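The exercises below are to be worked with the sequence and the coordinates at hand.

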Amino acid sequence: MDVFGSFALLLAFLCAGYAFVGGIAAIRTRHPLLVKSARQAGIAACGLIFLATGSLVYLFFSDSYWVSYVVSHSNRDLATFYKIAALWSGQEGSLLFWSFLLAIYVISVLLVYRNKNGELMPYVGVVLAGVQIFFLTLNNFVANPFKVLASPGANGALEIFTRADGNGLTPLLQYPEMVIHPPNLYSGYTGFTIPFAFALGALLARYPGEKWIHLTRKWTMIAWCFQTMGILLGAHWAYAVLGWGGYWGWDPVENASLLPWLTGTAFLHSVMMQEKRGMMKVWNVWLVFTTFMLCILGTLLTRSGVVSSVHAFAQSSIGNYFVGFLLLVFAVCLVAYVKNRDYLKSENQLDSMVSRESSFLFNNLILLVSCIAVLSGTLFPVFSEWFSSSRISVGAPFFNKVNIPIGLILLFLTGVGPLLAWRKTSTDSLKRNFGWPVVVALIAGVVVFVLGVREFFSLVCLTLCVFVTSTIGMEFFRGARVIRSRSGASLLASAVDLTMRNTRRYGGYIVHMGMVLIFVGLAGAAFNRDTQKDMQSGSTLDIGQYRLLLQGFDSKAEKNYTSERMIVEVWRDNKPLMMLYPERRFFQTNEQSGTMVAIYSTLREDLYIVYAGENPETRQPVIHAYLNPLVKWIWLGGLVVVLGTLVTLLPNRRAVLVLAGAPEGARVQQPSAQTLAPSIALREGHD
Amino acid sequence: MQRRTKFGIGIGIIVVSMGFLAWLGYGESKTYYHTIAELQTLHGTARAHRLRVGGTVEPGTIKRLSGRVNFVLAGEGKLLPVSYVGSEPLPDTFVDKSQALVEGSLGNDGSFVAEHVQAKCASKYEAAPGGDRKPDSAKASTM
């Protein structure tokens with residue numbers, strides 16, 4: 001199977017090569033047969049990558065301990081579930097996994113548009129093949145996952161040998177999130193290749209109009225959604241597994257995943273300016289180029305450890321290939337842009353500070369500033385070594401100082417932007433749209449202050465959350481009220497109907513609502529508490545309104561590890577509430593241990609208990625307990641974001657009730673009094 | 001006022017204030033990487049910086065005392081006594097011969113006072129994929 005996989009990878013490389021060269025020839029000659037063969041080579045390359053990935057999975061499941069990668073990342077007792085995760089737990093496998101996910105996107109694009117957009121698709125195919133060639137080069141020649149164990153035999157020739165068992169998977173990865181988090185994040189990273197390929201293809205082809213934006217919107221949303229889920233699942237994994245009580249540490253690898261998310265979010269917003277007003281064309285093209293390059297950079301940072309490692313820790317040579325590829329991509333983008341920049345002339349100019357355009361402009365500016373701050377902070381050790389003799393790193397205070405205010409401004413814009421009109425907003429409409437939300441938010445702010453929230457940023461954050469929620473709520477309410485007045489359905493049913501008629505706009509609001517929930521959760525971080533205590537059976541520890549009573553210990557031998565648990569009874573207000581079992585696991589195969597945190601999570605706060613090991617002096621076990629307010633809101637918000645994104649991907653339902661039979665022109669030019677008020681049909685909303 | 005000027009001023013205010021905040025944050029959290037050998041050549045203000053040093057834990061030197069853990073890091077043939085005073089529990093991977101990265105400052109006696117310790121097991125395994133999060137105390141597997 002290892003030979004089969006290797007061979008499939010090599011063939012995939014050749015096919016991608018043909019798709020690239022043949023594609024360029026097809027563009028030059030416009031020969032239909034060449035166009036077709038290049039496309040089919042692209043499809044074949046994807047199929048071969050699937051086969052290669054399948055054979056690596058097979059090698060894991062068949063316990064093939066003559067393949068070096070399988071030996072390093074699996075063992076016989078490893079649960080089936082984690083044998084899948086083992087696929088991407090190391091360098092070679094995760095690069096193959098990158099190719100695999102990219103192949104899913106590429107084959108979908110090639111098949112979906114096989115008979116459409118004949119002018120554009122050959123260019124897109126060439127760009128996609130180019131990206132695939134890079135990763136297949138790594139898969140084949142730099143980090144081949146199918147390497148076998150071999151040693152020189154008696155006659156000096158290499159002989160393959162088989163190990164009895166593998167080294168096992170890192171305990172940190174033996175956790176359910178680790179099975180879904182990397183695929184999500186990688187689907188995000190790879191997914192941005194599609195809008196990138198369309199943008200670059202359209203630029204090279206000088207493809208008229210904003211068609212590439214319409215074509216890629218769904219792909220961008222999908223990639224963005226995966227990226228969001230990947231980041232949040234990673235945060236949740238860090239929270240539930242690492243046992244330090246937090247979910248985000250501004251670690252280089254975390255930052256790497258945030259960077260393309262920031263520019264991707266900016267792109268999702270600024271393309272609307274191009275769709276509606278024909279503005280920001282250059283900006284959009286560069287945003288999507290940058291997003292793709294940041295995805296590559298993210299993979300580079302994750303894979304090479306170029307930043308987190310210091311001199312003492314070995315660095316991987318894979319980084320050079322990525323840096324080379326990044327430079328190449330940048331050069332190609334730059335040349336394509338310089339040659340075709342006249343094609344990107346803006347059709348309109350900004351009219352007013354208080355307009356939808358300017359809110360998008362500031363949204364983009366803010367996201368970009370945040371991106372630059374995070375990027376420079378992450379790469380600071382590298383740059384400081386270039387420019388001075390010392391290697392300097394910056395920590396959480398640097399990132400927080402910049403990103404907290406940025407987050408709050410963004411939150412504010414989330415509430416304001418969608419309700420501003422294009423071109424210019426009148427004072428009257430400002431009053432109508434924002435009067436109530438401002439009043440409600442101010443009252444909420446006072447209430448929160450009286451309840452004891454004195455932390456400045458948290459107070460502002462919660463107030464803004466209420467503000468944004470009420471603007472969004474008002475939008476749904478107004479639209480639903482009109483539908484109800486016609487259909488007589490309940491307000492809730494009308495709101496659903498409203499959403500389905502303009503999925504893009506109202507789905508967008510749902511995504512915004514999810515972000516608000518996430519911000520509520522983040523605001524809680526200012527009030528985290530923790531305490532640590534030596535415990536013996538029968539002793540108690542108080543934190544907040546909770547009392548923890550240690551009843552005892554038990555230990556259990558599992559297939560792949562032995563676990564030692566604390567049996568903790570949780571009391572609240574002098575009443576027993578529940579049992580929690582913080583755990584330590586010892587993995588025999590690789591002689592490592594892992595922590596399993598026990599969490600009691602409510603909307604109000606998380607009670608988070610870590611079995612922190614043994615106090616070496618007293619020989620007593622130590623409990624580290626945390627009380628983290630509002631954390632659950634972050635995960636809930638994530639779910640809402642995903643739900644909203646799914647809604648935006650649905651096609652609009654026809655507005656049969658209101659507009660049936662109305663001629664196209666009449667609908668726009670002579671709106672009835674009723675449609676005008678909340679103007680679902682007329683106002684160009686968040687869509 | 002011209003519209004362009006207005007936008008320019010708005011953008012300028014944002015960029016300048018963010019730059020200022022970044023500068024504040026930088027001053028608060030900048031940390032210098034050094035090797036153990038370089039530490040001994042530092043003079044004056046350089047000794048007062050926040051420092052980050054990597055090395056291998058000398059076997060048998062880990063001594064757990066109350067409120068602190070003492071150990072010795074070795075690198076390039078030099079030794080550095082370290083006293084870890086942080087509140088986080090030491091990572092599970094912190095054992096004899098593991099590669100460790102300590103962050104803190106130099107004491108007057110030439111020993112190192114660490115507030116954070118990251119460690120990587122001597123046994124060979126690779127970094128986790130994707131966005132694996134390794135906040136301070138648990139940077140174990142990425143390095």
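**Conventions**

The model is predicted: local features need pLDDT of at least 70, side-chain atom pairs count only at pLDDT 80 or more, and totals for chains, interfaces and linings use all residues. Residues are numbered from 1 along each chain as its sequence is written, while chains are lettered from A and ligands numbered from 1 in the order in which they are written.

**Exercise 1. Confidence**

Task: State the scores of the model, and locate stretches of chain A and chain B where pLDDT stays under 50.

Solution. 
1. The model has an ipTM of 0.74 and a pTM of 0.87.
2. For chain A, the mean pLDDT (the predictor's confidence in each residue, from 0 to 100) is 85, and 93% of the residues score at least 70.
3. For chain B, the mean is 74, with 83% of the residues scoring at least 70.
4. In chain A, pLDDT stays under 50 over residues 309-314, for which the model has 16 contacts beyond four places in sequence. A contact requires the C-beta atoms of two residues, placed from the backbone, to lie within 7 Å.
5. Residues 656-687 of chain A also stay under 50, with 38 contacts beyond four places in sequence.
6. In chain B, the stretch 122-143 stays under 50 and has 93 such contacts.
7. Among the elements of chain B, the lowest mean pLDDT, 79, belongs to strand 3 (residues 63-65), and the highest, 88, to strand 5 (residues 78-84).

**Exercise 2. Overall form of chain A**

Task: Compare the radius of gyration of chain A with that of a compact globule, and describe the domain assignment.

Solution. 
1. The radius of gyration is taken over C-alpha atoms, and the globule rule is 2.2 Å times the number of residues to the power 0.38.
2. For 687 residues the rule gives a value near 26 Å; chain A has 28 Å, which agrees.
3. The C-alpha trace spans about 85 × 80 × 55 Å along its principal axes.
4. Of the contacts in chain A with a separation of 6 or more, 71% are between residues 24 or more positions apart.
5. The domain assignment, which is automatic or from a database, gives domain 1 (1-174), domain 2 (179-346 + 353-416) and domain 3 (528-632).
6. The centres of domain 2 and domain 3 of chain A, taken over C-alpha atoms, are separated by 38 Å.

**Exercise 3. Helices and loops**

Solution. 
1. Chain A has 22 helices and 13 strands; these are DSSP runs numbered from the N terminus, with helices being H or I of at least four residues and strands being E of at least two.
2. Just after helix 16 of chain A, A:Gly488 has a positive phi of about 80 degrees.
3. A:Arg30 lies in the loop between helix 1 (2-29) and helix 2 (32-61) of chain A. Although not a glycine, A:Arg30 has a positive phi of about 60 degrees.
4. A residue is buried if 20 or more other C-beta atoms lie within 10 Å of its own, exposed if 12 or fewer, and partly exposed in between, with C-beta atoms placed from the backbone.
5. A:Met280, in the loop between helix 10 (252-277) and helix 11 (281-304) of chain A, is not a glycine and has a positive phi of about 60 degrees.

**Exercise 4. Partners of strand 7**

Task: Identify strands that pair with strand 7 of chain A.

Solution. 
1. Two strands pair if DSSP finds at least two bridges between them.
2. Strand 6 (residues 546-557) of chain A runs antiparallel to strand 7 (residues 561-572) of chain A, joined by 11 bridges. These two strands form a hairpin with three residues between them, and A:Leu550 stands opposite A:Val568.
3. Strand 8 (residues 575-580) of chain A pairs with strand 7 of chain A in the antiparallel sense over five bridges. A:Asp573, in the two-residue turn of this hairpin, has a positive phi of about 50 degrees.

**Exercise 5. Strand 12**

Task: Explain why strand 12 of chain A is largely enclosed.

Solution. 
1. Eight of the 11 residues of strand 12 (residues 605-615) of chain A are buried, so the strand is largely enclosed by the rest of the structure.
2. Nine antiparallel bridges join strand 12 of chain A to strand 13 (residues 620-629) of chain A.
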